[in-house]
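Visitor: I'd like to go through this model with you. Can you put it up?

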Amino acid sequence: MYNRIHSLNRLRAIHSLAQKNQAWLFVDSVFPLKLGIWDPRYYFGKLRQEHLLDTFSERISEVHTHGFNPISIEPHVKDGGIFVLFEYIPSQSKDILQDIQADLRSHFKSKGGVPSSTGIRRGNIWVVRGQPWREDMNRFASPLLRVSFDGPDPDEESLYQTFRPYGRIIDISAPAPLPSTAYRASTIAFSDIRSSVVARNVAHGHYIGQTRLRISFFPPIRVHLIRDWIAKHPRIFFPVIFFLLGTLTYTIFDPIRVLMVEGKILDWFDYRESRLYQWLRRNTVDRLTIKPLDAADVDAEAASQELHEAEVALRSYLHDIPMNIAFLYGPQGSGKSKMLSRLLRDKKCPVLIIDCTELVRTNSDTHLIRALSRQTGYWPVFTFLNSMSNLIDVASVGLIGQKASLSSSLLDQVNQILEVVGTALRSVSSACRKEVLHKHESAIRAEEEVLDTARIQERIRRGVWHDPRLGAIAGGGIIAELGLCNPAIETDVSSLPRARREHNDSLDLQAASALPIVEVMDAFAKWAAALVEGQTAHVVVLSHNRENLKPLAKALPTKPLTMIPLSDADNASALQFIKAQLHEEGVDIEFSHDERAIINYLGGRASDVTTLIYKVRAGQKPTDAVEDIIRQSVSELRKRAFGDDADDARSLPWTREQAWAVLRALARRDTVSYYETLMNACFKGEEAEMIAVDTQDGRPSMIRPGRPIYHYVSSGSLMVYPIFQANQDLATNTKLIESAEATVRACEQELQVLRMIGLDSVHWWSSATAPQIRAKYLTQRMANAQATLEKVEKQNKVLRKVLAESG
């Protein structure tokens, strides 16, 4: 504690014989208040402490009211003030201390106010009513004071009158016991922290009646207040904090994600698209490398006239304004992907490809989101947050009794990604339109310049051209000097409007052809519909299953889809293509009649034809190559249609009996009726796959094998296994027996009902009644079912004999 004693010899000589009393003053706002341990203002006040104390000592020594004599000046920097111990001469007046306080305030006011470290002189001088407590603990100033009562509780009016002179009081709490003490206390809230500091240093130790006041600062924020408030109000805190986190995500991360998706579409981050890389490749690798001719690089399906028509239809769709979705469907290996890749490579426009096959093969929602984000360029993606959200939901159930609804379903996450991708596509679409418009305006300006040059040259040739700038040289008067004597210009007004009209007619088509293209599948039907309805992008859906058309049609109910079907090439085109490819590889071969017949088993499927070319080029005979393909197809068909074992068969979306019924029907004919197949006892209205369903007028019409070679597999190779055939026939006959026996039982029950209602009461002279007619029909139906039972039972005896002999 800093002590400074001022001795005034003249005053001591005058008042040496007089009796003196001592008291304390508190001067506030001299130094900055220290509001915390690391408050830097405290150290700034310490720098000017000596100067401020000297100035204050000099001015306070000029007051001599009632023999006022300062004895010591003690700075209390933590509370920003000064304690002054002084002595004075008592008298009969009761207001001596108030007079001294008033004179000191008046004197300092005349000198400009109480000096302070900030230069803002707003401090004041107060007579200490209690006992100063100059502590230096980490109890920092606050607008709240806790007043402990060492004695009986004073009333609220007495507290208010005691503390109101130091500043406006907001509230006074009722006395309450202090924890771990024998005292009771009230909390007084001031509107200003400066008022609470003055009250704390002036009134501490003051007596109200028999009660001594013990005053201390009460921290405005209690320890663990925030934690306790969160624990008591989780229904308020969690929604607010999650809303803020969501707002942060949409504000910061979504623009970044849109930018990253745009970069994915426009190949900003693909180094192979940079000019430097392409120039280096052209002048290094491409010069030193001779690309071999690979049969896989040549489109086997190019020989198909149907494929050419599909390519023309798809090219027309891509060059038109997007109004609907293009649905390109056909069997696997028919060349859909190659054709679309070739068109996109020639078109050179922004493309975004989403492979739903990869998404379906993922084994968890997290992997699906990662795969979709990787395909679309959606970054950053925080897949781990979904797991954390699930944990928070579990915790919130224990805290607030209900879920916080933070975890989002897979559909919500996919929709969020697609929404961001849609925003990026709209941005790319707008940029493409602006680029086309810029090229259009540049072309118009170039054409106008060409037309103007041609007109000027024509007028020069005719000798009627005059440059107005030549008049200033010739001195043709003030008009000529100003260069304003421009003669009338003959303009061919018909040419420019025609050029503009031609450009405007093609502008929309050019802009439409520059729009981005998106390849989507089933799960993105609604998103794809929104893209084409907003004319944001062309949407091309590739599928080998026509059933994927349903969600697209449902998502776009008011507009028809652009249907582009594909099928296999005909046998003549496939044979011609095989010869051409083998000739390019240096293999000249003439196929015999038997070889052509066995090659026709492939049916023009591009993948099978390409495999045959590889095998023949490797040295195999065409007959052996086709036999290899057939054997591989037999194994594939048995596994995919019937499964490896009973457990595998149960996981198939059809039964073995259904698959065998279709294969037997296709073994006898190239195509079978769709609705006739559904009437088979093995189906009972269900649909099986592993086939291709042809349509007519938008409805299913005929069923054919999924691959052309499956017809030969069904009719030949698969039937040469007697044990397998016998097993499948027995399983199918079991279904037929169950169906026939059910028919017989149903007819018997109905005949009994007819007999109960009077079937035997019909006379010979009367006509047949309704029960008689019904009974005749049921009898005939029961006879047919019985005949079927007998026929099938005979077949089963033969089949069981085959199985017994094989065992």
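Visitor: How much of the chain is buried?
Guide: Buried residues, meaning those under 20% relative accessible area with a 1.4 Å probe and protein chains only, are 40% of the 807 residues. This is a predicted model, where local features need pLDDT of at least 70, side-chain atom pairs count only at pLDDT 80 or more, and totals for chains, interfaces and linings use all residues. Residues are numbered from 1 along each chain as its sequence is written, and side-chain values use heavy atoms, with hydrogens and water left out.

Visitor: How many helices and strands?
Guide: The chain has 31 helices and 18 strands, taken as DSSP runs (H or I of at least four residues for helices, E of at least two for strands) and numbered from the N terminus.

Visitor: At what angle do α3 and α4 pack?
Guide: Helix α3 (residues 49-60) and helix α4 (residues 96-110) pack at about 120 degrees, and their axes are 10 Å apart. Axes are lines fitted to C-alpha atoms over the stretch in contact, with angles from 0 to 180 degrees between N-to-C directions.

Visitor: Which residues meet there?
Guide: From α3, Phe 56, Arg 59 and Ile 60 meet Leu 104, His 107 and Phe 108 of α4, where contact means heavy atoms within 4.5 Å.

Visitor: Now α24 and α25. How do their axes cross?
Guide: The axes of α24 (residues 606-617) and α25 (residues 622-642) come within 9 Å and cross at roughly 135 degrees.

Visitor: And which residues of α24 are in contact with α25?
Guide: Asp 608, Thr 611, Leu 612, Lys 615 and Val 616. Their partners in α25 include Pro 622 and Ile 629.

Definitions and conventions. Buried < 20%, exposed > 50% of the residue type's maximum accessible area, 1.4 Å probe, protein only.
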